[in-house]
Amino acid sequence: MTAERTDARGGRVTLHAVAAEAGVSVSTVSKVLNDRADVSADTKERVEAVADALGYRRRPARRRGSVVDLVLNELDSLWSVEIVRGVDEVLHEAGASMVLSAVHGRSTDTREWIDQLAARRSSGAILVVSELTPQQRRRLAAMEVPFVLVDPVGHVDALVPTVGATNWAGAVSATEHLVELGHTRIAHLAGPRHLLCSRARADGYRAAMERAELPVPTGFTPHGDFNDASGRRETARLLDALAAAGEEPPTAIFAASDLQALGAFEELRARGLRIPEEVSIVGFDDLPVARWTHPPLTTVRQPLFDMAAMAATTLLRIIDGEHVENLRLELATRLVVRGSTAPPLLVTGSPASPA
């Protein structure tokens, strides 16, 4: 079930507007408007009241039988699973089908996917890829296939719809949390240099360190990939380099992804270092696994499910011929404090008081 989106002034009311006004996620609004049972009565009543007040009118779905391509760089990560879940829920409720593809960061695979999309006559595409060249964008435009980018890599044309998260603000909140606990030697396991989200998180870390008037020693911001192997490798290199130079190790690490944080967990434990007593760790994403680590991982919640759901909702609106006013959407991140962070130990072995 979809809805006619008009307000008293003749403008369109979006799912995002209803979610923002009601103080819930886009996926929760979708569940309420589609009469799903897994929503509390109070939330259902609040969302329905906001939808009525904003003039969000239901209408029969027109997308039954539509095919939407979801293209990811990789499929073998928990990050990708959350994206797939968000897209699938919206498309399923709209009566549309999803075709899932992985391009593995290779341009040849991307070209093959575009050829396959043309053969399938897909209604649209949601792209979560490392790179989409201007030539590929022109080809999609020539085929008249609408698309939405999720978590874009770099600069994107202003007319291309995108959905992302507040990466810089999330990194600031993670670093400030460690500073407030009393840490002064804070390292950052950064993501790939070419990714916009990686650069934003690294910039947020540096901004928070500068605001706290704390130095960022040479070698304290190693770049890797967003996976656990990279997190363990870069943690090992950092600790080895510091030991060789006779310098103190960091008392806290902010990792650019939860998987990198888990890799750091492995390396620290292999060296007999206790978390959080000797080294505090903060991740980024809040994947489901984060709450089941030992100790549970403090992390920045990136609303991956909601980002994917918003991308799917935006694409379906475009397919329906609606005018999308806001082409650049950034969903808020939020620090989730769990057991992997604590004040640093003093030389005596007693916890330091938070600054």
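Helices here are DSSP runs of H or I with at least four residues, numbered from the N terminus. I kept that in mind while browsing this predicted model.

**Entry 1: helix 10 and its end**

I started just after helix 10, where Gly 272 takes a positive phi of about 80°. Then I checked the length of the helix itself, residues 258-270. At 1.5 Å a residue, its 13 residues should span 18 Å, and I found the end C-alpha atoms 19 Å apart, which agrees.

Next I asked how many of the 13 residues of helix 10 are buried. The count came to ten, so the helix is largely enclosed by the rest of the structure. Among the buried ones I noted Asp 258, Leu 262, Phe 265 and Leu 268.

**Entry 2: Thr 299**

From there I moved to Thr 299, which sits in strand 11. Is Thr 299 buried or exposed? Its relative accessibility is 0%, and buried means under 20%, so Thr 299 counts as buried.

I then went through the polar atoms of its side chain. One of them lies 3.2 Å from the backbone oxygen of Gly 283. The side chain of Thr 299 also reaches the backbone nitrogen of Phe 284, at 3.1 Å.

Last, I listed what Thr 299 touches, leaving out residues up to four places away in sequence. Gly 283 and Phe 284 turn up again, and the list also includes Asp 258, Val 282, Ala 290, Arg 334 and Arg 338. Asp 258 was already in my notes as a buried residue of helix 10.

Methods. Residues numbered from 1 in each chain as written. Predicted model: local features only at pLDDT ≥ 70, side-chain atom pairs only at ≥ 80, totals over all residues. Heavy atoms only, no water. Helix = DSSP H or I, 4+ residues; strand = E, 2+ residues; numbered from the N terminus. Expected span 1.5 Å × (residues − 1). Buried < 20%, exposed > 50% of the residue type's maximum accessible area, 1.4 Å probe, protein only. Polar contact = N/O pair within 3.5 Å; in protein donor to acceptor, adjacent residues only side chain to side chain. Contact = heavy atoms within 4.5 Å.
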